[in-house]
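Dear colleague,

Please find below the structure that I am handing over to you. My findings follow directly after it, and I would ask you to read them with the structure open.

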Amino acid sequence: MRLSRIIMALTVGLAVVAVPTAAGAAQPQPTPSATTDPPQPPPYPPTAASLTVNRPTIYLGETVVLTGTNFGPNETVDITVTVTPQAAPAGGAAPARRSDGSTVAMAPVAYQASAPLHFTAYTNAQGRFTKSYKPSVTGLLTFTATGRESGRTATTELRVLHKKQPLPVTGDSLGTPMKLGGGLVGAGAVMLLLTLAWRRRQRFGGAAH
């Protein structure tokens, strides 16, 4: 009897010890993916913004259209204009010349622009905008556009030239037409004299017969 009680006591003790261990093993363990947040996509796709003008060179008084793409959707874009005065003819263009063939130096211009040097544009849902701009100064204009929310930036350039002026009328320009007119008048006088001489000869020749 005593041996049976000892075996029963050992069995009960082992059962009590095994119950917490089994309960702990039955609990689900957290997985590494559940304890970490999934990576968040960037707020804007990694595409470079661009800024263009519809005409790279214009004359003072004309208007260009700025087009921006790949900025943030529905955001405000700040545009800054930097002006470099025109001190020489544009690349590939002939310098201005006087009637005697001498060149005219183009001095740098001082500018106080009435057209804004800072303005804003607004993009659509695709991050695109268009903006008209009419420069009031000549020179090389650099436009820099920066999106307020996206932080994207892009630049473009525009060359603004002076308006074409009509050539002044000088003594040299009048000389050729006057010479041509004088020659025609002289030729006409000679033809008139020859005609009168021919008629006179015909009249007196007929009377002699």
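Asn70 counts as partly exposed because its relative accessibility is 31%, a value that falls between the cut-offs of 20% and 50%. Please keep in mind that this is a predicted model. Asn70 has a positive phi of about 65 degrees although it is not a glycine. Its place is the loop between strand E3 (64-69) and strand E4 (76-84).

The loop between E3 and E4 also holds Asn74. Asn74, again a residue other than glycine, has a positive phi near 50 degrees. Is Asn74 buried or exposed? Asn74 is exposed, because its relative accessible area is 58% and the cut-off for exposed is over 50%.

Five strands form an open sheet with mixed pairing, in the order E2-E8-E7-E4-E5. Its edge strands, each pairing on one side only, are strand E2 (57-59) and strand E5 (118-122). On average, and with direction ignored, neighbouring strands of this sheet are turned by 30 degrees against each other.

At one of them, E2 pairs with strand E8 (residues 153-161) in the parallel sense, over 3 bridges. Here Ile58 stands opposite Val160 in E8. At the other, E4 and E5 run antiparallel and are joined by 5 bridges. In this pair, Asp78 stands opposite Thr120 in E5.

Which residues of E5 lie on its covered face, and which on its uncovered one? Phe119 and Ala121 make up the covered face, whereas His118, Thr120 and Tyr122 make up the uncovered face. In a regular strand, side chains alternate between the two faces of the sheet.

The last topic is the nonpolar core. The largest one has 23 residues, of which Ile79, Phe129, Tyr133, Leu141 and Phe143 touch the most other members. At least two residues each come from strand E1 (50-53), E3, E4, E5, strand E6 (129-133), strand E7 (139-147) and E8. E4 gives the most to this core, namely 4 residues. In soluble globular proteins, nonpolar side chains tend to be buried together.

Leaving aside residues up to four places away in sequence, Phe129 touches Leu51, Leu66, Thr67, Gly68, Phe71, Val77, Ile79, Ala121, Tyr122, Thr123 and Ala145.

Yours sincerely

Key: Residues numbered from 1 in each chain as written. Predicted model: local features only at pLDDT ≥ 70, side-chain atom pairs only at ≥ 80, totals over all residues. Heavy atoms only, no water. Pairing = 2+ DSSP bridges. Axes fitted to C-alpha atoms, helices over the stretch in contact; angles between N-to-C directions. Buried < 20%, exposed > 50% of the residue type's maximum accessible area, 1.4 Å probe, protein only. Core = buried A, V, L, I, M, F, W, Y, C linked by side-chain atoms within 4.5 Å. Contact = heavy atoms within 4.5 Å.
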